Amino acid sequence: YHDCSEASNGREAVERLATITVDMVITDWNMPEMCGIDFIRSVRRNAATKDLPILMVTTNAAKDDIVEALRAGVNSYVVKPFTPETIKEKIEAMLAR
C-alpha cells in the first residue's frame, strides 16, 4: 500500500481525518492522548467518517475487550502478534466491502 497517512496518537488521527479522505483506518487500542476505543467512538460520531471501515490491532485478546471494541464500532480486530499474511487478508477484506 503506497498512499498511507499516519498519526502519532488518537487526537492527531481525529484531526487528520477532518482534512483528508481515506479508504480505511488501522488503529491500536493503546495510544497516547486518546485510546483506540475513544478514537473509534469519535470517528463513529462524525457524519463524514461514521461508515469508515476500522481495523483494530492490539494485544488485548480478552473476550470482553473484543466485545467492547465491536460495540465501539470496529469492523475487524487482530490480536498482536500477527503474521504479514493475516494483516494483509484483513486489509483486503476491509477494502473489498
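**Phe39 and its contacts**

I began with Phe39 and listed what it touches, taking contact as heavy atoms within 4.5 Å. Leaving aside neighbours within four places in sequence, Phe39 is in contact with Gly10, Ala13, Val14, Leu17, Val25, Thr27, Met31 and Met34. A note on the source before going on: this is a predicted model, where local features need pLDDT of at least 70, side-chain atom pairs count only at pLDDT 80 or more, and totals for chains, interfaces and linings use all residues. Residues are numbered from 1 along each chain as its sequence is written, and side-chain values use heavy atoms, with hydrogens and water left out.

**The cores**

Next I looked up the nonpolar cores, each a set of buried Ala, Val, Leu, Ile, Met, Phe, Trp, Tyr and Cys residues joined through side-chain atoms within 4.5 Å. Buried here means under 20% relative accessible area, exposed over 50%, and partly exposed in between (1.4 Å probe, protein chains only). Which residues touch the most other members of the largest core? They are Phe39, Ile40, Met56 and Ala69, out of 16 residues in that core. Helix H1 (10-17), H2, S2 and H3 are the elements that give two or more residues to it. H2 gives the most, with 4 residues. I also found a second, separate core of 7 residues, which includes Leu55, Val57, Val78 and Met94. As a reminder to myself, nonpolar side chains tend to be buried together in soluble globular proteins.

**Strand S2**

I then turned to the strands; helices (H or I, at least four residues) and strands (E, at least two) are DSSP runs, numbered from the N terminus. Why is S2 largely enclosed by the rest of the structure? In S2 (residues 54-58), 5 of the 5 residues are buried, so the strand is largely enclosed. Ile54, Met56 and Thr58 point one way from S2, while Leu55 and Val57 point the other way, and all are buried.

I checked the pairing next, where two strands pair if DSSP finds at least two bridges between them. The sheet is open, has 3 strands in the order S1-S2-S3, and its pairing is parallel. S1 and S3 stand at the edges with a single partner strand each, so one side of each is left without a neighbour in the sheet. The twist averages 25° from one strand to the next, using axes that are lines fitted to C-alpha atoms (for helices over the stretch in contact) and angles from 0 to 180 degrees between N-to-C directions.

S1 (residues 25-28) and S2 pair in the parallel sense over 4 bridges. Thr27 has Met56 as its bridge partner in S2, and Ile26 has Leu55. From S1 the chain crosses through helix H2 (residues 36-45) to S2, a right-handed β-α-β crossover; with the strands pointing away from the viewer, the path from the first strand over the helix to the second runs clockwise.

Met56 has Tyr77 as its bridge partner in S3. S2, helix H3 (residues 63-72) and S3 make a right-handed β-α-β unit.

**Glu6**

Last, I looked at Glu6, in the segment before H1. Is Glu6 buried or exposed? Glu6 counts as exposed, at 68% relative accessibility. Leaving aside neighbours within four places in sequence, Glu6 is in contact with Glu12 and Arg16.
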